[in-house]
Amino acid sequence: LIETDKLRDIGISKKKLTLYNTFIILAGALYTLFVWSFILGTPLWDTTENPGKAVGIFAMYGFDAVVVLLPAVFAAIEAYVTFPHEKFTIEFSVAEIGTD
């Protein structure tokens, strides 16, 4: 579900979000192929020396950053900047049991 009204408030257009989603799918496919090629014993590229090692490290950390950290940053922005706090309140109460 793409909520463009919320994202427009922090400067993210539907086009940028579509580009991000496409990148996530392609990066996920590449990352999955890379990991499974190691598991099956035939790596996609030689990671024992550069530039293959650098590409492998970039693929692993880059995927984590784009898939985990970036959404966490946007979730924090949504929670602390664009969330309508004035419309919601949380109240706690303690029930007294056995006050006869």
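Ser37 has its place in helix α2. This is a predicted model, where local features need pLDDT of at least 70, side-chain atom pairs count only at pLDDT 80 or more, and totals for chains, interfaces and linings use all residues. Residues are numbered from 1 along each chain as its sequence is written, and side-chain values use heavy atoms, with hydrogens and water left out.

**Overall make-up**

- The protein has three helices and zero strands. Helices (H or I, at least four residues) and strands (E, at least two) are DSSP runs, numbered from the N terminus.
- From the N terminus on, the order of elements is α-α-α.
- The protein has 100 residues, and 11% of them count as buried. Buried means under 20% relative accessible area, exposed means over 50%, and partly exposed lies in between (1.4 Å probe, protein chains only).
- Accessible areas come from the Shrake-Rupley method with a 1.4 Å probe; for residues, only the protein chains shown count as cover.
- Take the contacts between residues at least 6 apart in sequence: 51% of them join residues at least 24 apart. A contact means heavy atoms within 4.5 Å.

**Helix α2**

- Helix α2 covers residues 14-39, which is 26 residues. At 1.5 Å a residue it should span 38 Å, and its end C-alpha atoms are 37 Å apart, which agrees. The expected span is 1.5 Å times one less than the number of residues.
- The buried residues of α2 are Leu17, Ala27, Gly28, Phe34 and Ser37.

**Ser37 and its surroundings**

- Ser37 is buried because its relative accessible area is 7%.
- A polar atom of the Ser37 side chain lies 2.7 Å from the backbone oxygen of Phe34.
- Leaving out residues up to four places away in sequence, Ser37 touches Thr42, Pro43 and Leu44.

**A nonpolar surface patch**

- Leu30, Leu33 and Leu44 form a nonpolar patch on the surface, and together they have about 280 Å² of accessible area. Patches are made of residues with over 30% relative accessible area and no salt bridge; like charges are joined within 9 Å, nonpolar side chains (Val, Leu, Ile, Met, Phe, Trp, Tyr) within 5 Å. A salt bridge is a side-chain nitrogen of Lys or Arg within 4 Å of a carboxyl oxygen of Asp or Glu.
- Leu30 lies in helix α2. Its relative accessibility is 42%, so Leu30 counts as partly exposed.
- Leu30 and Leu44 are 14 residues apart in sequence, and their C-alpha atoms are 9.9 Å apart in space.

- Asn50 and Pro51 are joined by a cis peptide bond, with omega about 5°.
- Most residues other than glycine have a negative phi, and most peptide bonds are trans.
- Pro51 lies in the loop between α2 and α3 (52-82).

Technical notes. Polar contact = N/O pair within 3.5 Å; in protein donor to acceptor, adjacent residues only side chain to side chain.
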